Amino acid sequence: MRGTGQTSSLTDRTNAAIVNAMSGRKRSLMTPLLFAGPAVIASIAYMDPGNFATNIQAGSRYGYMLLWVVVMANMIAMLFQALSARLGIVTHKNLAEMCRDQFRKPVVWGMWGSSEIAAMATDLAEFLGGALGLSLLFHMPLLAGMGITALVTYGLLMVEKRGFRPVELMIGGLVAVIALCYLIEMFIAPVDWAAAGLGMVTPQLPDAQALTIAVGIIGATVMPHAIFLHSGLTQHRTQARNPGECRKLLRFSNIEVVIALTLAGLVNIAMVIMAASAFHSGHSEVAEIETAYHTLTPLLGIGAAGFFLLSLIASGISSSVVGTMAGQMIMQGFVGFRIPVWLRRLVTMIPAFIVVAMGVNATDALVYSQVVLSLALPAPMIALVIFTGRRDIMGEFVNSRRTAVLSIIGTVVIVALNIILLLQTFGVNIPGLE
């Protein structure tokens with residue numbers, strides 16, 4: 001993403017300031033903000049409408065018991081987003097391009113196909129989320145809400161032509177709206193903080209439905225397209241001219257990842273806490289976004305319900321923009337060509353319109369779309385672990401032994417949960433989860 005060529009564009013001014021900061025000619029307390037942006041954009045994937053669906057079900061059905069899944073998923077996400085950013089900074093290639101260069105064609109085509117399926121599942125969550133928010137707020141048909149969401153996101157995508165900085169600021173503003181809404185919710189909802197704290201550090205899966213929701217939470221948190229996207233956002237944004245500048249870029253990138261993903265994790269924790277405190281005692285049947293909204297009004301007031309919808313709309317619109325950006329980058333990386341943004345938007349959003357037209361329950365569709373994402377997740381995770389662990393690719397910036405071990409453990413956890421879910425789906429009883 002480059003500027004439009006205007007000498008005074010926001011992107012050009014940011015680039016000039018970054019060059020000065022990298023050379024050491026100009027430093028200030030605001031210097032880290034020059035490098036902020038890629039992780040903020042990637043973080044919206046961790047606050048998309050799929051998170052709303054899975055977190056509401058987790059909180060309403062199991063109270064604070066599944067908060068540990070959110071914490072674990074966020075820690076895994078933080079590690080893999082940092083690795084993805086590192087790959088782009090060091091190699092100047094994104095993850096999809098590296099897969100095309102390093103793997104055999106059947107593997108590349110298989111990964112591209114699974115990535116496109118994941119993109120459709122992502123769009124399903126994003127469009128349904130934004131449309132649900134508009135539908136509930138303005139009492140319009142769900143299909144009409146989806147149409148408006150499509151038009152708004154397409155308009156926002158046009159901002160990309162002005163360079164990377166306007167896009168980063170736009171997405172950052174929507175992230176701030178979501179975070180602020182849930183900060184306010186925490187002051188409204190009657191939270192049992194002791195139980196919430198215990199739920200964050202005590203792993204437990206009381207039954208099979210809890211496992212399905214847990215895998216959905218992971219799919220909604222550690223998202224395949226976000227892992228691909230982050231490497232693409234960093235590969236050309238700032239060019240390091242020597243190893244010293246590369247180390248500096250990596251340091252700023254890691255700081256941004258920690259801050260952005262911590263914020264995203266806190267928002268997800270707040271979603272579960274809100275659902276647990278509002279619905280678990282006496283309203284545990286609340287498992288749908290629509291029901292949550294209608295139940296919030298008498299329980300916590302119209303203000304709480306309004307902030308809930310505002311955050312949902314901001315989430316749907318912003319994540320839809322980011323999802324399209326990721327889809328374009330993935331397609332170009334794997335197969336070497338781009339298609340017009342409007343066509344990209346149309347192809348991936350068609351399944352969402354079909355689901356709604358068929359009358360499928362919107363929240364159920366959201367939850368199961370996240371399970372699809374979780375099943376598509378191991379491939380990019382394994383590829384990223386392989387590439388960042390190879391010295392011939394990363395040079396001196398190859399993964400340390402500790403990072404390598406942690407990334408392998410994170411991948412094994414995801415794969416193991418997916419295997420358990422598949423066995424359960426095909427009727428195999430899992431001890432303790434019957």
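Trainee: What should I know before looking?

Mentor: It's a predicted model, where local features need pLDDT of at least 70, side-chain atom pairs count only at pLDDT 80 or more, and totals for chains, interfaces and linings use all residues. Residues are numbered from 1 along each chain as its sequence is written, and side-chain values use heavy atoms, leaving out hydrogens and water.

Trainee: OK, what's the mean pLDDT of the protein?

Mentor: The mean is 82, and 90% of residues reach 70 or more. pLDDT is the predictor's confidence in each residue, from 0 to 100.

Trainee: Where is the pLDDT below 50?

Mentor: Over residues 1-7.

Trainee: New topic: how many cavities of 30 Å³ or more are there?

Mentor: The structure has 1. On a 1 Å grid over the protein atoms alone, a cavity is a set of points where a 1.4 Å probe fits but cannot get out, and lining residues have an atom within 4 Å of a point.

Trainee: Which residues line the largest cavity?

Mentor: Among them are Phe35, Ile89, His230, Arg237, Phe252 and Glu256.

Trainee: And which helix gives the most to that lining?

Mentor: H13, with 4 residues. Helices here are DSSP runs (H or I, at least four residues), numbered from the N terminus.

Trainee: What about H6 and H18, how do their axes sit?

Mentor: The axes come within 11 Å and cross at roughly 75 degrees. Axes are lines fitted to C-alpha atoms over the stretch in contact, with angles running from 0 to 180 degrees between N-to-C directions. H6 and H18 are therefore roughly perpendicular, a label for 65 to 115 degrees.

Methods:
On a 1 Å grid over the protein atoms alone, a cavity is a set of points where a 1.4 Å probe fits but cannot get out, and a pocket is an open set with protein on both sides within 12 Å along at least five of seven lines; lining residues have an atom within 4 Å of a point. Grid points are joined across faces, edges and corners, and a volume is the space filled by probe spheres set on the points. Helices (H or I, at least four residues) and strands (E, at least two) are DSSP runs, numbered from the N terminus. Contact means heavy atoms within 4.5 Å. Angles under 35 degrees count as roughly parallel, over 145 as roughly antiparallel, 65 to 115 as roughly perpendicular and the rest as oblique.
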